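Have a look at the model below before reading on.

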Amino acid sequence: MSATHDDAPVAARVRHVEALLEQRGWLAPGEIDERIDAFAAGGSPAHGAAITARAWVDPGFRARLLADANTAIGELGYSMAGGLQEQQLTVVANSEDEHHVVVCTLCSCYPIALLGPSPGWYRSEAYRSRVVREPRAVLRDFGVELPATTRITVWDASAESRYMVLPRRPDATEGLDETALAGLVTRKGLIGTAVV
Amino acid sequence: MSRINDVGGMLGFPAVVEEPDEPAFHADWEAHVVALNAALLRRGVYDLDEFRDAIERMPPQEYLASSYYEKWFRAITTLLAEKGIATPAELAGELAGG
């Protein structure tokens, strides 16, 4: 990936194109910096974690989330309409018998509004090619070994349609409040490459 | 016919490797590319489908050899040239100082 390249030439080319566009009025002065700040302040896995914790403590919310995620996340102040067009969100719930995993085989479609930028492995050809063919082997790459009886469903995201996994609530967490529960939820848990 | 980005189910790729404590961006220019793309989409210079298409029609060798945000930047400059916003030479900086 980029970390192994010498990326000084591309950095200079990006600066050049930016300056050219600004000079010709296609970019406003300072617009790029504002957008970078806005991006940094945008989605984060904490949003997905908050949604998960609410679903764990509130069966009504859980039912609404699984039936119509776009509307339900609005109850917590989240939205999939931050881009130019609203993305369809589907939340898929893990159970004792079924485990869900999300991928975008064609590129990197991901619920950025709820999880922030995707991890590099999610965008890698290795993950995209293999998880739809041998999900158990890929889960093993992540140290996850599921019982042979657990059914695994892989969801392939697209530009218009995004997925988030609702992990199972861990055992012995009855005493935890919603905030503490949210603290247990990981980004990989929300993609399906970890159990929570 | 599928294009190089359509890797779902393709054999031969290695194990998935996680980067510990992975930052959102590995270099400033990557953040600039994301911001640049957002600005041009918002301005209607091209739309998201055109952007994806510009990535997905990269020559396969280049696609596989490029980092994620190198692909993005390549798509942006392809589209800027095709839309007549700037010539490939201008985008490459060949006229700089000329």
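What follows is a quick tour of this predicted model.

Residues are numbered from 1 along each chain as its sequence is written, with chains lettered from A in the order in which they are written. In this predicted model, local features need pLDDT of at least 70 and side-chain atom pairs count only at pLDDT 80 or more, while totals for chains, interfaces and linings use all residues; side-chain values use heavy atoms, leaving out hydrogens and water.

Here is the interface of chain A and chain B in brief.

| Item | Value |
|---|---|
| Residues of chain A in contact with chain B | 54 residues |
| Residues of chain B in contact with chain A | 53 residues |
| Buried area | about 4600 Å² |
| Salt bridges | 4 salt bridges |
| Polar contacts | 17 residue pairs |

Contact means heavy atoms within 4.5 Å, and buried area is the accessible area (1.4 Å probe) that two parts lose on being put together, summed over both. A salt bridge puts a side-chain nitrogen of Lys or Arg within 4 Å of a carboxyl oxygen of Asp or Glu. A polar contact is a pair of N or O atoms within 3.5 Å; within protein, one must be able to donate a hydrogen and the other to accept it, and residues adjacent in sequence count only if both atoms are side-chain atoms. B:K71 and A:E125 form a salt bridge at 3.7 Å, N to O.
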